[in-house]
Amino acid sequence: MSSQFSFVGFKNFKELLTNDAIFTQSLTNNLKFTIGVLIFQTLLSLGFALLLYRNSARNTFYRSLFFVPTIISSVSIAFTWNFMYDPNIGGVNLFLSKIGLEHWTQSWIGNGHIAIYSLAFVQFWVHTGQMLIIFVAGIQAIPSELYEAASIDGATRWQKFKRIKWPLLAPATTMVVAYTTIQSFKAFDLIIAMTNGGPSNSTEILSTLLYHEAFINFRFGYASAISAVFMIVIALLTFLQFRVLRLTKM
């Protein structure tokens, strides 16, 4: 873009880590978003998998139904949930009013205190069906002989889950946790289409901050520094998750 340039060394990283409140807020928002999605998406997908892992016509129908949001474009989902969250005519507030919880109605993505959690709900609503399929495959791969032996020994349903299903689901759980973390950290299009990082940066995450700095403020060097830190954060979190899950298996 120019025949001349000025090498700034680590100036962008110094500003990013010591003098950028929006970056700190974006990282905090990203952690809130990711932890919320990770907990609920993993638990819900595992719970549904335990209910629907048998290959009956009904279970196949429900698995397909839960998987449908995954194949819909994120922008379409964003517009749909913008309507659902509308404080005046949205389905969420209308439903709460119909069941007598009018005092819970509010602007779900206009309130900076809860907006990031409202977006996290949409995120795990979309991808729970995808993780469900991974858990179903993991459960179906467990040999039936193990259940038969446990039944002969008088094991309860909880003991079978604790001693057989859960340990042997470790590879599937590792995949789900790692994929969900990376997926949540780079949840760009959903947030851009729903809130564009607002209100007051309350839903700004690292991927949207990177976009705004590069293509709105045209600070490409600064955006590159954000992307480098972004990559390091994801790598560290993924490494820690694999370590924790490995220790759990042991």
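Is W166 buried, partly exposed or exposed? W166 is partly exposed, at 35% relative accessible area (buried is under 20%, exposed over 50%, partly exposed in between, with a 1.4 Å probe and protein chains only). Before going on, please keep in mind that this is a predicted model, in which local features need pLDDT of at least 70 and side-chain atom pairs count only at pLDDT 80 or more, while totals for chains, interfaces and linings use all residues. Residues are numbered from 1 along each chain as its sequence is written, and side-chain values use heavy atoms, with hydrogens and water left out.

W166 belongs to helix 8 (residues 157-168); helices are DSSP runs of H or I with at least four residues, numbered from the N terminus. Leaving aside residues up to four places away in sequence, W166 touches L46, F161 and T173, where contact means heavy atoms within 4.5 Å.

Let's turn to the aromatic rings. The whole structure holds 16 aromatic pairs (rings of Phe, Tyr and Trp, the last by its six-membered ring, with centres within 6.5 Å; planes under 30 degrees apart are stacked, over 60 edge-to-face, the rest tilted). One of them is the stacked pair of F40 and F124, with 5.7 Å between centres and 20° between planes. This pair links distant parts of the chain, since F40 sits in helix 2 (residues 21-52) and F124 in helix 6 (residues 115-140), 84 residues apart. F124 is buried at 11% relative accessible area, whereas F40 is partly exposed at 46%. Ring pairs also gather F40 and F124 into a cluster with W81, Y85, W108, F121 and W125.

Finally, the charges. The search finds two salt bridges, each a side-chain nitrogen of Lys or Arg within 4 Å of a carboxyl oxygen of Asp or Glu. E15 and R219 meet at 3.3 Å, N to O. E15 lies in helix 1 (residues 11-18) and R219 in the loop between helix 11 (206-216) and helix 12 (220-249), so the pair ties together parts 204 residues apart in sequence. R219 also bridges to E213 at 3.6 Å, and shared partners join E15, E213 and R219 into one network.

Technical notes: Helix = DSSP H or I, 4+ residues; strand = E, 2+ residues; numbered from the N terminus.
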